[in-house]
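Here is a short report on a structure with more than one part to look at. Take a moment with the view before reading on.

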Amino acid sequence: MNQKIRVLLAKPGLDGHDRGIKVIAAAFRDAGMEVIYSGLRQTPAMIVDAAIQEDVDAIGVSILSGAHMTLFPAVLDEMKARGADDIILFGGGIIPDDDKTELEKMGVARIFTPGAPTEEAIAFLREAVASKKSDEKMM
Amino acid sequence: MFNKKFIDKLQGNLAKWNQEAEKTRQKKSMPRFFTISGTDIDELYTPASVKGADQDDYYDKNIGLPGEYPYTRGVHHTLYRTRLWTMRQFAGMGTPKQTHDRFKYILEQGGTGLSTAFDLPTLMGYDSDHPRSLGEVGKCGVAVDTLADMEIIFGDIDLSKVSTSMTINSPASMLLAMYLSVAEKQGVPFEKVRGTLQNDILKEYIAQKEFIFPPRPSIRLITDMMQFCTRHVPQWNTISISGYHIREAGATAVQELAFTLADGFCYVESAIEAGMDVDDFAPRLSHFFNAHSDFFEEIAKYRAARRIWARHMKEKYKAKNPKSWLLRFHTQTAGCSLTAQQPENNIVRVALQALSGVLGGTQSLHTNSMDETLALPSEKAALIALRTQQIIAYESGVANTVDPLAGSYFVEALTDKMEAEAEEYFAEIERRGGVLACIEEGFFQKELAQSAYRFQREIETDERKIVGVNDFVLENEEIEIPVLRIDHRVEKDQVAFVKKIKAERDNAAVHTSLQKLREVAQGDGNTFEAILECARVYGSVGEMCDVLREVWGEYVENQAALQAS
């Protein structure tokens, strides 16, 4: 029950701004989670590969370049194609409100924007993973 | 500055003063007083706080006069009284045609300086039709694939009349080669071409992470280009040694100062090793710093930067031309300090940051727009940002006199402290084997990540207040700022255009020039000349970078080294 949450943090696309994802990685680790950081410039296929191999509960994606409406759907498609769509996908970046709503409709569990406290992301992930695990038990 | 007797007497007075102050301190528990970088600040600064100020030569040695060594007070004798700082707003968007129209507008409004932002595929050396470029074309700057794009942007702008700044690093040589090819077609001799390339690859490994090749061949690309420009394009500023991105990635003010100048010294040493005379290239080096929110800390940082650069260039690198000692710099306000919450408040943040840059003696300034945590700036937000600079220049009165804060006990003490702390970093970098070794072992990257996390913790534990974020929050805030969007047709059009150019150009000539570039890269000839040849015949940024990727390999950050602490 008290198994550690495993999360893959990834930077897709060409964007190299990694301050945010590194702060999130440190905060998740301090909160007792197992964090795997992919490094920069991962393709959607590389991200989903790593998620399956590492058997993670969730994938967190950070995009600050404005390419979020291309890259998030590409990761979602890849997850579906590989039968990995039970993994929770969430993310953060410079993402306007309208896009955020649309992405959440497509299946991104949550988008965090600048100023969001790391505590909020930690609470979100704990809750999402717990509810996923209780769903799995019922099945 | 002050004689010993005076300082001794002051120490006595201070002891008495402290007893009185202690009574007030006892009454109320006080929070910690520290800068945004985490440096503790004293309650009071007096002449006794300025170390060495009781020595006769203190003023001449450490402060001096503006326009004179060690340039603490500025690089010009008269500073803004003769010429205001250049208000250089960075722009670039969508297709080359859109950027061209924007530049024409700026020139029609009386501007003489252009500043170009490129999109991520261009910055990373991929053509618009490369699969990795999908979704990124024209998003955060203009897409340039071949000379054809550069001709659209600059073709009818007289390149002997404007100065152009190009924010590009890994493929900087390719973009300069294309720019020079446009000048050639206009009949403008290279000696008349003016501008600046960012071309600072070291800070890419440290902070912004837009690298392509490993550090050592990247440095060769830069020294080859410096050699070419020294001979043929003497008015070109070859490197803008940048702390801006280092700060944005989480550095403290001292880390920004120390790592940036260490990078600068690394370029100087590399060019000297490549056989160049320091006075031939050093006058064409410039710097680029961040203006963050801690007002006095920033001002002290700029003053310390000038003094450190002058001392090292003169004493360590033995430069004889005073122009080689000068640290000229551009400033941009801190993007990372802007908040998505109550974004209008950002106008005030930017104004204070810009003021610190001006009081620190900057040569040029970019003020950020209030909406940059939401998207690229809208026209209205960009206009307010420019107006902010004009209000500082024409209404505040701060430009009336040179370095008005000199002699402030606090500012001088802080300037000295930052210089001393930067020197400690230089010694540590040296101990670890130099800048390149520090990059490879992840020293800078780890220092930055730790500072960024410390800052975030301070906000979340309420030790630090950010207005609108962890205090003075508006519940159910509705953002009422219009957000700029880039049309997705930009990407389609650009992809179609580069395909057309690749089909129509003289492909045999492209092949030959790329082959030549490969041979030069494998040997030890000047890569810039080979790149210029490729650019002239419409070889693309992606094709040139691919050749160099094959010869030199691609750089991948060593995550294991970065995570082990």
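This is a predicted model. In chain B, 48% of the 565 residues count as buried. The secondary structure of chain B comes to 23 helices and nine strands. The C-alpha trace of chain B spans about 85 × 60 × 50 Å along its principal axes. Now take the contacts in chain B between residues at least 6 apart in sequence: 77% of them join residues at least 24 apart.

Next comes the sheet of chain A. It is open, has five strands and pairs in parallel, in the order β2-β1-β3-β4-β5. Which strands stand at the edges? They are β2 and β5 (110-112) of chain A; each has a single partner strand, so one side of each is left without a neighbour in the sheet. On average, neighbouring strands of this sheet are turned by 20° against each other, direction ignored. Strands of a sheet pair through backbone hydrogen bonds, either parallel or antiparallel.

Two of the pairings are set out here.

| Strand pair (chain A) | Sense | Bridges |
|---|---|---|
| β1 (residues 6-10) and β2 | parallel | four bridges |
| β4 (residues 88-93) and β5 | parallel | three bridges |

A:R6 has A:E34 in β2(A) as its bridge partner. A:G91 stands opposite A:I111 in β5(A).

How does the chain get from β1(A) to β2(A), and what is the hand of the crossover? It passes through α1(A), and this β-α-β crossover is right-handed.

Helix α2 (residues 44-53) of chain A lies across β1, β2 and β3 (58-63) of chain A, and runs at about 165° to β1(A).

Finally, the two chains touch. Chain A puts 26 residues into the contact and chain B puts in 31 residues. On the side of chain A that touches chain B, the elements giving two or more residues are α1 (19-30), α3 (68-81) and α5 (118-138) of chain A. Of these, α1(A) gives the most, with four residues. The residues on this side of chain A divide into 11 nonpolar, nine polar and six charged.

Definitions and conventions. Residues numbered from 1 in each chain as written. Chains lettered and ligands numbered in written order. Predicted model: local features only at pLDDT ≥ 70, side-chain atom pairs only at ≥ 80, totals over all residues. Contact = placed C-beta atoms within 7 Å. Nonpolar A, V, L, I, M, F, W, Y, C, P; charged D, E, K, R; others polar. Buried ≥ 20, exposed ≤ 12 C-beta atoms within 10 Å, placed from the backbone. Pairing = 2+ DSSP bridges. Right-handed = clockwise from strand over helix to strand, strands pointing away. Axes fitted to C-alpha atoms, helices over the stretch in contact; angles between N-to-C directions.
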